[in-house]
Amino acid sequence: MIRFEQVSKRYSGGIDALTDLTLSFESGEMAVLVGHSGAGKSTLLKLIPAIERPSHGAIIVNGQNVAALKRAAVPFLRRSIGMVFQDQKLLFDRSAFENVMLPLSIAGVSPRDAGKRVRAALDKVGLLEREKAMPIALSGGEQQRLAIARAVVARPAVLIADEPTAHLDEACARDIAMVFRDFHQVGVTVLVATHHANLFAPFMTRRVTLAHGRLA
Amino acid sequence: MKNWLRAHREALGVAGRRLAGTPVSTLLGALVIGIALALPAGGEMVLANLSRLAQYNAAAPQLSLFMATEAGRKETGEVEARLRRHAEVREVRFVGREETLKRFKTGPAMGEVIDSLPRNPFPDTFVVIPQSNRPEAMERLRAEFARYPKVEHAQLDSAWASRLDAFLRLGHLLATFLAGLLGIALVAVTFSTIRLQVLTQGAEIELSRLLGATDAFIRRPFYYFGALQGLSGGVVAWLIVRAGTYLIDTPASDLAALYAIPFRMAPLPWSESAALLAVATLLGWLGAQLSLGRHLRVR
C-alpha cells in the first residue's frame, strides 16, 4: 500500500536525511519507526503526504507515485492521509470542536454531516465533553488526543504520527498508544515515529529502525 | 454546484467573521476607503447638478437687452419695433420694469432691500432669441443691438453657460483623475490589510495546506474579505455623499432662486450608487488578488 523505492532525500545544505531507502507497509499494518534523532523518521513520514519531495526514488501510495504528483493533486492526496504533527499544530483561537471540523470544511463535507463526524471523532479519543473547550484549556494529553481526533475525522485509510507521545507522562503516553492501536484494529494503516517504542511493544507491532537515513 | 455554492458561502462567512472580529480596524478601513471614494463620487454628484443647471439655460441661447432707466415708453416701443422687424431675430419677449420689480419683491430675502430703495431700480428688458445660435452670429447681433438708442446694455446670456460648460468639462476631468488616484489608494489599502491578514492567519494557512486545502480554498476568504471591505467603504462613501447632498440642498436652491431658477440638489441616481458600490467591491477584490499573489506564494 505504501512503498518506498530507492528513496533518497537530501536537504539543501547537503544534509542527507534518507539514503537509498527501500521499504513497504501493507494495507492495515501498524508500524513504529524508531531510531536516533536525525535518523530520518520525520522525513520518511513527511514524504508520504508530499510535505517533502524526495531527491531520488519513488514513493507509491495507493498505486500513485507521490514523488511525481502534480502540485494541484497534492491536496487530494493529503485528504486521504491523517496526520498527527510533532508540534500538533492546533489552532488556539478555535474550540476543540472547530479544530476537528477543519479537515471536513476543507474536504467540503456538508456542515450537518460534519457535526456528527466531529462528535464521533471526539468521542473516540474521549474528548466529547470538552468539545467547546479552547485548546489552551486542555491538558497536554488532551491536546494530543485532540490532534488525533482531527487526523482521523475524515476517516483516512492511513494515519501517520510524528512523536505523538513526546512531552507526555507515562500514563498519558500509554493512553495515546492505545488510541493508535484502536484505529489499527478497525483497519487503518498506522505509522508512528517515536522514541518510546516500548509503549507499542505490547501490541506486537512491526518495528522499523532507521540509522543515518538507512534501514538498520 | 451545491458544494461550490456552499464553499463560497462558507468563505464569505469566514471573511465576515474576520471583519466582525476586529470591529475597530474594520471601521477605520471602511472610513479610509469611504472618504477616499466620497471625494470623486461627491465631485461627480456636484458636477452632475451643475450640468443640469447649465442645461436649464443653455438650451435656448438668448440675448438680453437692458434699456436705460430714463428711457420712455416711446423709445422702448421703437426698439421693440426694430427688433421685431429684424431678419435674424426669431422671437422677442418684453419684460417691463414693473413686472421685474414685482418678481424680485416676492423673491426670498430681496423684498426688504427693494422696498428700501427710493425708486424702481430695474430697467425695461427685451429677451431676444436669434435665428442662429452660432456664437459669432450672436456676438454680432449683441454688438448691433448695443448701438440702438437708449439701450444701456446688451448681453449674451449663453456666455455664462458656455463658460460653465468649459468649467464642468475641466471638473469632470479632475474628478476622473481623482477617482483614478483614489481607486489606486483603495487597492493599496486592501493590499496592505490582506497582507496583515495573511501574516496573522499564517498558522491556519499552513495547517490548512497540510490538511489538504486547495489554493482556492485558502484564497477565497481573503477575496471576500477584500471585497467586503471595499463594499463597506463604498457604503460609507455613499452615506457621505448623501449627507453632503442633504446639507447643500437648501442653500443651493436658495441661491438658485435668486436667479429665478427652480433647483433642487439631485442625489446620486440609483444606477450611479450601484456603480459606486460595485467599483468599490471590485477594487477591494483586486487589492486582495494582488496582495495574495504577492504574499501567499507557494514554495
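In chain A, strand S4 (residues 56–61) and strand S5 pair in the antiparallel sense over two bridges; two strands count as paired if DSSP finds at least two bridges between them. Within this pairing, Ile60(A) stands opposite Asn65(A) in S5(A). Helices (H or I, at least four residues) and strands (E, at least two) are DSSP runs, numbered from the N terminus.

The model is a predicted one, in which local features need pLDDT of at least 70, side-chain atom pairs count only at pLDDT 80 or more, and totals for chains, interfaces and linings use all residues. Residues are numbered from 1 along each chain as its sequence is written, while chains are lettered from A and ligands numbered from 1 in the order in which they are written.

The S4–S5 pair belongs to an open, antiparallel sheet of four strands in chain A, ordered S2-S1-S4-S5. Its edge strands, S2 (15–25) and S5 (64–65) of chain A, each pair on one side only.

I turn to the interface. Here 14 residues of chain B are in contact with 15 residues of chain A, contact meaning that the C-beta atoms, placed from the backbone, lie within 7 Å. On the chain B side, helices H1 (2–21) and H8 (202–210) each supply at least two residues, and H8(B) gives the most, with five.

Lastly, helix H9 (residues 215–258) of chain B has 44 residues and reaches 63 Å from its first C-alpha to its last. That is close to the expected 64 Å, namely 1.5 Å times one less than the number of residues. A kink of about 40° lies at Asp249(B), shortly before the proline Pro251(B); the bend is the angle between axes fitted to the seven residues ending at a residue and the seven starting there. After H9(B) comes Ala260(B), with a positive phi near 60°.

Technical notes
Two residues are in contact if their C-beta atoms, placed from the backbone, lie within 7 Å.
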